[in-house]
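Subject: The structure I promised you

Hi there,

Here is the structure we talked about, along with some notes on what turned up in it. Please keep it open while you read.

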Amino acid sequence: MNAFRTPGTSKTATVDLRPHAEALLHDPYPVYARLLEQGPVHRAVQPDGAEAWLVLGYPEAKEALAHPALSSDPAQADRDWRARYLGDPDTTEFPHGRNMLNSDPPEHTRLRKPTTQAFTPRRIEGLRSTVEEHTERLIRALPETEPFDVIDDFAAPLTLSMICTVLGIPDLDHGRIREWADRVSFPKAPEDAITARRDLIPYFDELIGDKCLEPGTGLFDALLQTADADLLSHEELRATAFLLLLAGHETTISLLSNAVLCLLTHPEQLALLRRNPDFTNQAVHETLRFAPPAPSPFPRFAAEDLTLGSTDIPGDGSHVKIMISSAQRDPRQFPDPEIFDISRTPDYLLAFGHSIHGCPGRSLAHLEASIALPALLEHFPDLVLATTPDALNWRVGPLLRALDHLPCRAHATERRPTNRTHPA
């Protein structure tokens, strides 16, 4: 019997993923691989009880990300989705407002333009020395003789420092920002995320007000100036700042920590990278394929009837969940997809989106990872996990799947000091 189907139902019945909740948390890839073998698109009951269309195949996911019948606007979502994730079936807005992620053209085009103009390659490259300085400072503080947490002691403070530098957030507020971002990204219940989003509103209102009174020369200042020229509202600026915070912080933490985990659990690939440091960019690219920080992008809603693969999806506002974590292991696109291989010929990934919703901040995330990863491995040439992979805990949010902690140590075993003057 098909393990995903309700007994007694037909082959086209809705997939029930609730019995697979633990597997989807700890290792979702075999579950999605088995589903993909049965077809690239399925109607499914998710572990939290909500229903959605799951798009699992690579060509179908790529098509879905650019399909005009799939809307990013929550106003197009059905009432059940809005009741669950916005807290009110009649509301059509997130508490923090509109940004390019939750809008469709032509509104999306207008909202995206200021960010694209602010995130120029020259401005991103101008942050290189800041990334290097933060990376060096954090690595020097890591202990040589006892375990440390790659996330809490390295990846999180690095990415938080960088996005706060971009937004012009004072150092004293970093702790609060981390807490807020965590509550939004990994809420215990949908209403917790709604509350956290509302709590952030007055903070960003004040930040934008201060920036308007005393303009600087940073990246967010450039965004404000560009946005002002294009007549973006205060609420839209706030929503864009909110997006930059979450997209530039939590996802990059996971990218860096996932890269470290993948390399430490694939020692032959780590050895290959140590022999060939020029493979750093490919190692980051392969991590994005093999263990993407965001298993699925912002929700899409079926605003019109459409067909993906051979599956018809009615235009009833249903949530269409595009599973890029499954698509990037589709054997039709990636040979031997279950193998982590940093020498793999780079292929087009969907980890940073596709088409008009491609992430404009991808270059900053890649810059941070390409600097921080080799610096950590160079400083700790014998870096190992301080626990077993099975003991690691994962968290799943509306968009992200991430490690809770990643304990490591400088050496496989504690090294006792050697007395060279008086040998034993």
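How many bridges join strand S2 (residues 41-45) to S3, and do the two run parallel or antiparallel? There are 5 bridges, and the strands run antiparallel. Before going further, please remember that this is a predicted model.

**The sheet**

Let's stay with S2 and S3 for a moment. In this pair, Val45 stands opposite Glu51 in S3. The hairpin has 5 residues between the two strands, and Gly49 there takes a positive phi near 95 degrees.

Now zoom out. These strands belong to an open sheet of 6 strands, in the order S1-S2-S3-S9-S6-S4, with mixed pairing. Its edge strands are S1 (15-16) and S4 (70-71), each of which pairs on one side only. S1 is joined to S2 by 2 bridges, and the two run parallel; in that pair, Val15 stands opposite Ala44 in S2. Helix H3 (residues 58-66) packs on the sheet, where it touches S2, S3, S4, S6 (300-302) and S9. The direction of H3 makes about 130 degrees with that of S9.

Thr14 is in the segment before S1, and it counts as partly exposed because its relative accessibility is 28%. Thr311 lies in strand S8 (residues 311-313). Is Thr311 buried or exposed? Its relative accessibility is 19%, and the cut-off for buried is under 20%, so Thr311 counts as buried. Leaving aside residues up to four places away in sequence, Thr311 touches Val41, Trp53 and Leu306.

**The helices**

Next, look at helix H13 (residues 267-275). Its buried residues are Gln269, Leu270, Leu272 and Leu273. Why do they sit on the same side of H13? They cover an arc of only 160 degrees around the axis, which puts them on that one side. The face turned away from the buried side of H13 carries the exposed residues Pro267 and Arg275. Among what covers the buried residues of H13 are helix H12 (234-264), helix H14 (280-290) and helix H16 (362-379).

H14 deserves a look of its own. Since 8 of its 11 residues are buried, H14 is largely enclosed by the rest of the structure. The buried residues are Thr280, Ala283, Val284, Glu286, Thr287, Leu288, Arg289 and Phe290. They pack against helix H2 (29-38), H12, H13 and H16.

Then there is a helix pair to find. Two packed helices are described by the angle between their axes and the distance between the axes. For helix H9 (residues 174-185) and helix H10 (residues 190-213), the angle is about 145 degrees and the axes are 8 Å apart. Their crossing is left-handed. From H9, the residues in contact are Arg176, Ile177, Trp180, Arg183 and Val184; from H10, they are Ala193, Thr195, Ala196, Arg197, Asp199, Leu200 and Tyr203. These residues divide into 7 nonpolar, 1 polar and 4 charged.

**Some backbone details**

Most residues other than glycine have a negative phi, and most peptide bonds are trans.

- The peptide bond from Pro105 to Pro106 is cis, with omega near 5 degrees. Pro106 is in the loop between helix H4 (79-85) and helix H5 (107-118).
- Asp336 is not a glycine, yet its phi is positive, near 45 degrees. This residue is in the loop between helix H15 (324-327) and H16, and at 54% relative accessibility Asp336 counts as exposed.
- Ser355 is not a glycine either, and has a positive phi of about 65 degrees. Ser355 is also found in the loop between H15 and H16, and counts as partly exposed at 39% relative accessibility.

Happy exploring, and write back with any questions!

Best wishes

Note on methods: Residues numbered from 1 in each chain as written. Predicted model: local features only at pLDDT ≥ 70, side-chain atom pairs only at ≥ 80, totals over all residues. Heavy atoms only, no water. Axes fitted to C-alpha atoms, helices over the stretch in contact; angles between N-to-C directions. Helix = DSSP H or I, 4+ residues; strand = E, 2+ residues; numbered from the N terminus. Left-handed = near helix turned anticlockwise from the far one by under 90°. Contact = heavy atoms within 4.5 Å. Nonpolar A, V, L, I, M, F, W, Y, C, P; charged D, E, K, R; others polar. Pairing = 2+ DSSP bridges. Buried < 20%, exposed > 50% of the residue type's maximum accessible area, 1.4 Å probe, protein only. Arc of directions from axis to C-beta.
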